[in-house]
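Please read the points below with the sequence and the model open beside them. They go through the chains by topic, and each point can be checked on its own.

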Amino acid sequence: MAASSSAVSSGIIGKPRSTSTTLSFLPASSIKLIKNPSLTQNHKLSTSNCSTFSAPKQDFTCKSQAISSDNSALEKVQELHVYEMNERDRGSPAYLRLSQKSVNSLGDLVPFSNKIYKGDLEKRIGITAGICILIENKPEMKGDRYEAIFSFYFGSYGHIAVQGPYLTYEDTYLAITGGSGIFEGVSGQVKLHQIVFPFKIFYTFYLKGIGELPAELLCKPVEPHAGVEAVPAAKACEPHATVAGFTN
Amino acid sequence: MALSTSLKPISSVKLAEHRNSPPRSLRVFGSDFSYSKPCEFHGLSISSPNETSSFFTSSRSSKRFTTSAFFFNKNKQAEPATPKPTKVQQLHVYELNERDRSSPAVLKLSQKPINSLGDLVPFTNKLYSGDLQKRIGITAGLCVLIQHVPERKGDRYEATYSFYFGDYGHLAVQGPYLTYEDTLLAVTGGSGIFEGAYGQVKLHQIVFPMKLFYTFYLKGIPDLPAELLGNPVPPSPAVEPSAAAKATEPHGTILNFTK
């Protein structure tokens with residue numbers, strides 16, 4: 001998700017925001033383009049977080065057939081890759097400086113909504129929508145901690161709801177709190193990897209508790225780098241480059 | 001307030017469509033690159049696509065599957081695994097705005113004349129059982145306006161809120177609220193009798209924004225008490241709670257209903 005506008009920040013990718021900020025909410029068009037494509041610091045997160053080998057929960061007799069036929073997929077972890085892009089055409093983010101302080105402070109709220117694309121950047125999926133609650137400015141990291149509560153909308157497939165930390169200076173894991181549609185009953189976590197603050201973010205979902213994901217959503221993802229862009233057809237939402245009923 | 005417009009088919013219809021496409025996903029299973037990745041990556045084995053089983057082994061043939069699953073199960077039974085029931089329980093409730101809770105509080109923080117990203121709408125309304133005989137409690141939470149949808153003459157919100165069921169506990173939800181059509185929200189959790197709850201809830205707007213009817217599809221919790229499972233009154237613009245429920249007389253409420 002995209003946090004506060006870069007005019008607020010130092011305006012340079014990879015370099016977390018400076019602490020002193022004379023901020024006001026600026027229209028999206030005035031946001032400076034990111035110049036330095038260096039990635040945010042590489043935050044190595046243990047992958048053992050993602051694998052929980054859980055004991056089978058049901059008896060394997062025919063009784064299990066009475067329950068949803070998706071049970072066979074329930075205990076495995078499925079990976080899903082998504083790119084979130086702020087194309088600056090949704091009025092997002094809306095930085096609400098309710099703390100009325102010159103430095104980002106507890107009290108500031110940042111509702112946002114961006115576009116999401118498949119991991120291979122060939123199809124438009126939908127949008128993200130939610131809010132970042134600023135928790136603390138971290139001068140030593142030249143960035144901020146937010147608590148983020150938002151959803152990913154996958155068109156007719158449904159949505160995934162998440163909650164967790166968004167640090168403008170490093171990768172984080174958020175909790176998957178639930179979902180609807182094909183994601184009904186989902187659990188797990190999602191890794192947020194910021195490519196270009198705050199315009200391009202790459203997510204890796206580790207999903208449990210749902211049936212097998214449809215082929216349309218699974219793909220070999222494009223490796224995240226500063227220059228990633230969705231293919232023109234996806235950006236233009238041409239029918240073959242979107243999922244059915246993509247959320248707009 | 002505007003009356004409800006005609007409602008689109010609910011998303012659960014689309015849900016059914018996806019559920020009926022197992023052949024496609026089965027074909028994908030063995031060959032998809034990213035599908036095999038979690039197998040190596042996490043050190044987990046992926047179960048065979050055998051839909052009749054709920055197990056998890058490295059074998060893909062259903063014959064070997066059953067055998068190894070049997071031994072596998074035996075080993076695991078030594079552990080005190082907590083059975084997680086996966087049956088779905090339906091729960092119906094009515095959310096009614098009786099205009100006596102100062103709700104909603106529309107915060108036009110975007111400072112634009114039309115509804116825009118930045119507007120926040122905290123709210124709290126009264127909650128009644130589906131049969132409208134008992135006052136249960138309240139809803140409480142926040143709607144974050146995401147975008148105005150002119151072609152539908154309405155708005156998209158991201159809603160995060162809870163349903164309070166008095167001494168029974170509460171249910172927490174998160175998801176889309178569209179003022180112009182029904183939506184499905186995620187059940188993110190709960191407390192009390194709803195501890196461990198997951199699933200989804202269908203939001204059906206009867207009269208925007210005064211009367212809503214919810215159908216919860218809950219998993220992961222013990223059987224709900226009969227008091228909450230009365231026959232729901234079919235939604236219509238004129239629905240009203242029983243006089244006793246509205247007046248919160250003792251026989252018209254659940255125990256310590258949330259005020």
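**Notes on the predicted model**

1. In chain A, buried residues make up 61% of the 248 residues, where buried means under 20% relative accessible area, exposed means over 50%, and partly exposed covers what is in between, with a 1.4 Å probe and protein chains only. This is a predicted model in which local features need pLDDT of at least 70 and side-chain atom pairs count only at pLDDT 80 or more, while totals for chains, interfaces and linings use all residues. Residues are numbered from 1 along each chain as its sequence is written, chains are lettered from A and ligands numbered from 1 in the order in which they are written, and side-chain values use heavy atoms, with hydrogens and water left out.

2. The secondary structure of chain A comprises two helices and nine strands, taken as DSSP runs numbered from the N terminus (helices H or I with at least four residues, strands E with at least two). Along the sequence these elements follow the pattern α-β-β-β-β-β-β-β-β-β-α.

3. Of the contacts in chain A with a separation of 6 or more, 60% are between residues 24 or more positions apart, a contact being heavy atoms within 4.5 Å.

4. In chain A, strand β1 (residues 78-85) pairs with strand β3 (residues 115-118) in the antiparallel sense over four bridges, pairing being assigned if DSSP finds at least two bridges between two strands. Within this pair, Val82(A) stands opposite Lys118(A) of β3(A).

5. β3(A) is also joined, by three bridges and again antiparallel, to strand β4 (residues 124-138) of chain A, and here Tyr117(A) has Arg124(A) in β4(A) as its bridge partner. The two strands β3(A) and β4(A) form a hairpin with five residues between them, and in the turn Leu121(A) has a positive phi of about 65°.

6. In chain A, the bond from Phe197(A) to Pro198(A) is cis, with omega near -10°, and Pro198(A) is placed in the loop between β8 (187-196) and β9 (200-208). In chain B, the bond from Ser103(B) to Pro104(B) is cis, with omega near 0°, and Pro104(B) lies in the loop between β1 (89-96) and β2 (120-123).

7. The loop between β1 and β2 of chain B also holds Arg99(B), whose phi is near 60°, a positive value in a residue other than glycine. Gln111(B), placed in the loop between β1 and β2 of chain B, likewise has a positive phi near 60° and is not a glycine. Arg99(B) counts as exposed because its relative accessibility is 68%, and Gln111(B) counts as exposed because its value is 73%.

8. Cys143(B) is in no disulfide either, the nearest cysteine sulfur being that of Cys132(A) at 18 Å; with a relative accessible area of 8%, Cys143(B) is buried.

Methods
Disulfide = S-S within 2.5 Å.
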